[in-house]
Structures are given as C-alpha cells and as structure tokens.
Amino acid sequence: MNDKDKFYGALVEWKKKMDSISDSGAGAYLKVLNVAVISQHLHEFESGKRNPYTTLTDALLKQSENMALFLAYPIFDNRSFADMDEEHTLSVKELYETAWTSYSEKTYDESLVLIHKRLAANGMDAYFFKGKRCLDGGCGTGRFAIAMAQLGAAESVGVDIGTRSIFFADKQKKRLGLNNVSFREMSVDRMDFEDNYFDVVISNGVLHHIENTEKGLSEHLRVLKHGGSFWLYLYGKGGIFWEMYDIFKDALKNVSYSTATRILRQFHLRENKFYLFSDNVYVPIRKYYDYSEVHAMLSRYCKYEHHVLKGATGDDDVKDLLSQPYGKEFWGDEGEVRLSLVKK
C-alpha cells in the first residue's frame with residue numbers, strides 16, 4: 001500500500017471514530033481539539049514542497065487511538081464539561097463578525113502588511129491608486145480598503161454585511177488616521193452604487209461564500225468602469241487541503257460554533273489560527289471553481305483582458321505552489337483562482 005492509500009485509509013477510520021463520539025460535553029471537547037490538531041499538521045504542507053501523506057497519516061492514526069481510549073470510558077462523556085448552546089443555523093454574517101473582529105491591533109497591522117505586499121507584487125502601488133475611486137467588496141475588517149487608501153486612492157469604500165465588522169473597520173480607519181476611506185453595511189450581490197462608478201474593484205475570498213456567486217460577480221463588474229481593474233480571488237477545485245476541511249466541517253456539524261469557540265479560547269489558540277479554524281471549518285457556504293467556470297461567468301457580463309495575480313511570496317503564489325512536487329496534490333490542478341481583469 002502506498003503513502004496516499006494509507007492516508008485515505010487512516011482518514012476514513014478517523015472519520016468513523018469522530019462520528020461515533022457525542023457532540024456534547026467532553027465529546028465536543030475531543031472533537032474540536034481533534035480537528036484543531038490535525039488541521040495544524042495540514043497547514044505545515046501548504047508550500048507543496050514536502051510529501052504530506054506520511055505525517056498526516058500518523059496524525060490521523062494517533063488521534064484515532066485517542067478517541068478509541070475515550071470511547072472505552074463513556075462515563076466521562078457528560079454535559080458538565082461544556083455549557084452547550086441551543087443549536088441554530090450559523091450565518092456567514094455571524095461567523096465573520098466573530099472571526100474577523102477577534103484580531104488585535106498588532107495582528108491586524110501584520111495582516112495589512114501582507115495586503116500591501118500582494119498589491120505591490122502586482123504593480124498596484126501608490127502611482128497605480130493615486131486619484132482613483134476604489135471598492136473593497138465584502139471588506140470584512142477593511143484591510144484592502146485601508147491599504148488602497150494608504151496608497152493614495154482619492155476615495156476607498158469598503159462594503160460588508162457584517163455590522164460588527166464595519167464597526168471594527170471604522171475603528172482601524174480612525175486609529176490609522178485615514179480620511180479617504182469609508183465603510184458601509186451592504187450586500188455584495190445588491191450594491192447601492194451607480195454603474196461604472198469605481199476605477200478599481202476588489203473581491204478577495206468573498207464570492208465563494210455567498211448563495212449566488214454569479215450575481216455577486218455581475219454586481220462587481222456593473223459598478224466597475226470600462227478600463228477599470230478587477231481583483232478577483234476564489235477557491236479552486238481539487239486537492240487534499242479543502243477535501244480535508246470539508247471532512248472536518250462535516251465532523252463538527254453538530255457542535256455549535258459558539259461551543260467550539262469557547263473550547264479553543266480556553267486553550268489559547270493564536271488569533272490567526274482561531275480565524276483559520278473559524279473560516280475553514282464553520283463557514284456555512286463554501287464553493288470551489290476552476291478557471292473555465294469563472295471565465296464563463298465573467299464573459300456573460302463584459303469583455304475583458306486578464307492575467308493571473310502574483311502572490312506576495314513564493315509560498316503565496318499560485319504558479320510557484322503548483323510547480324512544487326506536491327503542489328497540485330495539495331491544491332488541485334489549477335490551485336486557487338486569482339485573476340486581475342481590465343474591463344473593456
């Protein structure tokens with residue numbers, strides 16, 4: 001049996017064990033920590049340079065052993081270990097209002113540096129933004145909107161459905177002393193802007209989380225001027241990274257987000273790790289696309305020129321990742337869909 005077959009065998013066994021454990025009390029603790037531990041191992045192989053299968057197989061087998069011991073003593077599975085919440089359907093708004101606004105100022109500023117590096121890698125510097133009207137669609141805590149304002153945009157606007165996210169973004173704007181950026185509560189598939197209003201439009205990791213992705217794309221293109229630039233990032237199809245997170249998501253489907261959040265905070269999970277766990281495990285809607293599907297949608301609304309966006313570093317760049325020995329196995333044949341478009 002090769003490494004890949006061993007990995008999938010261990011993954012199936014792990015999932016069976018997870019499904020046999022209670023979703024309440026100590027069972028909830030064990031399930032959440034199980035996913036947190038294995039996901040940490042998973043992220044060690046994002047660069048695609050090393051074989052992920054052996055390490056992940058060992059981690060899955062070890063956690064399966066731990067669950068077997070737990071199941072041998074069911075007396076410990078009682079509700080006293082966790083104050084469980086009433087189950088309810090988690091919305092995208094609720095999730096990101098919690099996850100995004102958990103950042104400290106230090107973590108926020110560090111993430112803002114990464115945004116600047118990504119923009120710079122694609123020639124989007126102060127000269128590029130000077131005097132332009134810019135939109136950050138689905139802005140969350142406003143990092144792209146703030147970065148564009150810092151780079152000299154005449155007007156930078158961030159829109160998001162999250163009330164708390166907008167409030168958080170406003171706080172950062174004031175803290176950083178910016179007066180050329182504003183934030184509005186608004187859905188990205190029904191934006192209250194005139195046609196051809198913006199010179200630059202950003203949609204970074206947003207539209208794969210909404211019900212009607214194509215409607216969201218058409219709205220971003222509608223408000224973009226002819227000759228304007230559209231930055232688009234969507235999750236790509238294939239690869240074990242999202243395959244595993246889909247399994248994690250299913251394994252915790254009956255453990256509420258608020259319960260998982262309380263458990264992880266008790267174990268002092270770092271801010272960025274807490275965000276990744278929230279985003280990757282608990283987001284209600286997550287879709288995957290290949291380039292042909294995205295181009296088919298885009299071409300229904302306008303003509304355009306395009307190229308693939310570059311990453312801030314090698315490990316952040318799609319082409320570099322896919323060139324690595326295990327890049328395509330980890331991220332799929334095409335990796336994430338990252339496009340820069342100019343609307344004709």
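A: Two strands count as paired if DSSP finds at least two bridges between them. Strands here are DSSP runs of E with at least two residues, and helices are runs of H or I with at least four, both numbered from the N terminus. Before the details, please keep in mind that this is a predicted model: local features need pLDDT of at least 70, side-chain atom pairs count only at pLDDT 80 or more, and totals for chains, interfaces and linings use all residues. Residues are numbered from 1 along each chain as its sequence is written, and side-chain values use heavy atoms, with hydrogens and water left out.

Let's start with strand β2 (residues 155-160). It is mostly covered, with 5 of its 6 residues buried, where buried means under 20% relative accessible area, exposed over 50%, and partly exposed in between (1.4 Å probe, protein chains only). Strand β1 (residues 133-137) runs parallel to β2 and is joined to it by 5 bridges; Asp-136 has Gly-158 of β2 as its bridge partner. To get from β1 to β2, the chain passes through helix α7 (residues 143-150), in a right-handed β-α-β crossover. Right-handed means that, with the strands pointing away from the viewer, the path from the first strand over the helix to the second runs clockwise.

β2 also pairs with β3, again in the parallel sense and over 5 bridges. Here Val-157 stands opposite Ser-182 in β3.

In helix α13 (residues 291-299), the buried residues are Tyr-291, Val-294, His-295, Met-297 and Leu-298. They lie on the same side of α13 because they cover an arc of only 160° around the axis, the arc being that of the directions from the helix axis to the C-beta atoms. These buried residues pack against α9, β5 (224-234), β6 (304-308) and β7 (337-343), with contact meaning heavy atoms within 4.5 Å.

The charged pairs come next. The structure holds 23 salt bridges, each a side-chain nitrogen of Lys or Arg within 4 Å of a carboxyl oxygen of Asp or Glu. One of them joins Asp-195 and Arg-222, at 2.7 Å from N to O. This pair links distant parts of the chain, 27 residues apart: Asp-195 sits in the loop between β3 (181-185) and β4 (198-204), and Arg-222 in helix α9 (residues 213-223). Asp-195 is partly exposed at 48% relative accessible area, and Arg-222 is partly exposed at 23%. Elsewhere, salt bridges with shared partners connect Lys-15, Asp-19, Asp-250 and Lys-253 into one network.

Some pairs sit within a single helix. Glu-13 and Lys-17 form a salt bridge, their closest N and O atoms 2.7 Å apart. They are separated by about one helical turn because they are 4 residues apart in helix α1 (residues 3-19). An α-helix has 3.6 residues a turn, so residues three or four places apart point the same way. Glu-13 is partly exposed at 32% relative accessibility, whereas Lys-17 is buried at 19%.

Helix α5 (residues 105-121) holds both Lys-106 and Glu-110, 4 residues apart and about one turn of the helix. Their salt bridge has its closest N and O atoms 2.6 Å apart. Lys-106 is exposed at 58% relative accessible area, and Glu-110 is partly exposed at 44%.
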